[in-house]
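Work through the following exercises with the sequence and the model side by side, trying each task before reading its solution.

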Amino acid sequence: MASERRSKSRAADHAGTTPDGQAPWADLEMTVPTDRDHASVLALVECALVELTHEAVGAVFISRQVGRSARTQYVAADDVGEQFQKRHFDDRLGWHETTVPRRTVRDELITQLTGSSSTSTERLGEKATSEPDTFVVKPVRELRTP
């Protein structure tokens, strides 16, 4: 009986899902500002980086301001998780792609997820939008590209 459960568990892990059928990265989602403490944000970012390295998924941060939005996507560029493709889209400037090291992705995500959505808009003298900034991990096939 115990070996049967271990077998099923290993099969579920190998298939990239949890025993309840949900992908392990499916709950890596958050709105900003958040009430999570700093340690929780760090844990979320580290989990996301692991999933980006081991699954065909990308991390997406969407920043919204009145009349415009910006989208930054991170996708693993190698099998060891040391290099990531960063795709940034701004309504006014279009797409920009570059390759960045893991540490840069980690630092950028922590900064984005610990910031408040009103901080950047207040600096620009704009009103905050009614939609919060969001972070989510999605399958690569669902990411918008140019």
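**Exercise 1. Determine how many residues of β6 are buried, and find the strands that pair with β6.**

Solution. Begin with the cover of the strand: in this predicted model, 5 of the 7 residues of β6 are buried, so that the strand is mostly covered, where buried means under 20% relative accessible area, exposed over 50% and partly exposed in between, with a 1.4 Å probe and protein chains only. Helices (H or I, at least four residues) and strands (E, at least two) are DSSP runs numbered from the N terminus, while residues are numbered from 1 along each chain as its sequence is written. Local features need pLDDT of at least 70 and side-chain atom pairs count only at pLDDT 80 or more, whereas totals for chains, interfaces and linings use all residues; side-chain values use heavy atoms, with hydrogens and water left out.

Next, look for partners, remembering that two strands pair if DSSP finds at least two bridges between them. Strand β1 (residues 29-32) pairs with β6 (residues 133-139) in the antiparallel sense over 4 bridges; here V32 stands opposite D133, and M30 has F135 as its bridge partner. Strand β2 also runs antiparallel to β6, joined by 6 bridges, and V57 stands opposite P139.

**Exercise 2. Decide which side chains of β1 are buried, and which face they point to.**

**Exercise 3. Check the length of α2, then list its buried residues and what covers them.**

Solution. The expected span of a helix is 1.5 Å times one less than its number of residues. The 17 residues of α2 should therefore span 24 Å, which agrees with the 25 Å between its end C-alpha atoms. The buried residues of the helix are V41, L44, V45, A48, L49, E51, L52 and T53, and their cover includes β1, β2, β3 (68-76), β4 (83-90), α3 and β6.

**Exercise 4. Describe the largest nonpolar core and the contacts of L113.**

Solution. A nonpolar core is a set of buried Ala, Val, Leu, Ile, Met, Phe, Trp, Tyr and Cys residues joined through side-chain atoms within 4.5 Å. The largest has 21 residues, and those with the most contacts inside it are V45, L52, V105, L113, F135 and V137. Two or more residues each come from β1, α2 (38-54), β2 (57-65), α3 (102-114) and β6, with the largest share, 6 residues, coming from α2.

Contact means heavy atoms within 4.5 Å. Leaving aside neighbours within four places in sequence, L113 is in contact with M30, V32, T34, V41, L44, V45, F61 and F135. Apart from this core lies another, of 5 residues, among them V60, V75, V136 and L143.

**Exercise 5. Identify where the model calls for caution.**

Solution. The pLDDT, the predictor's confidence in each residue from 0 to 100, averages 79 over the protein, and 73% of the residues score at least 70. Over residues 1-17 it is below 50, and this stretch has 9 contacts beyond near neighbours in sequence. Over residues 118-125 the pLDDT likewise stays under 50, with 6 contacts beyond four places in sequence. Where pLDDT is low, the predicted coordinates should not be read in detail.
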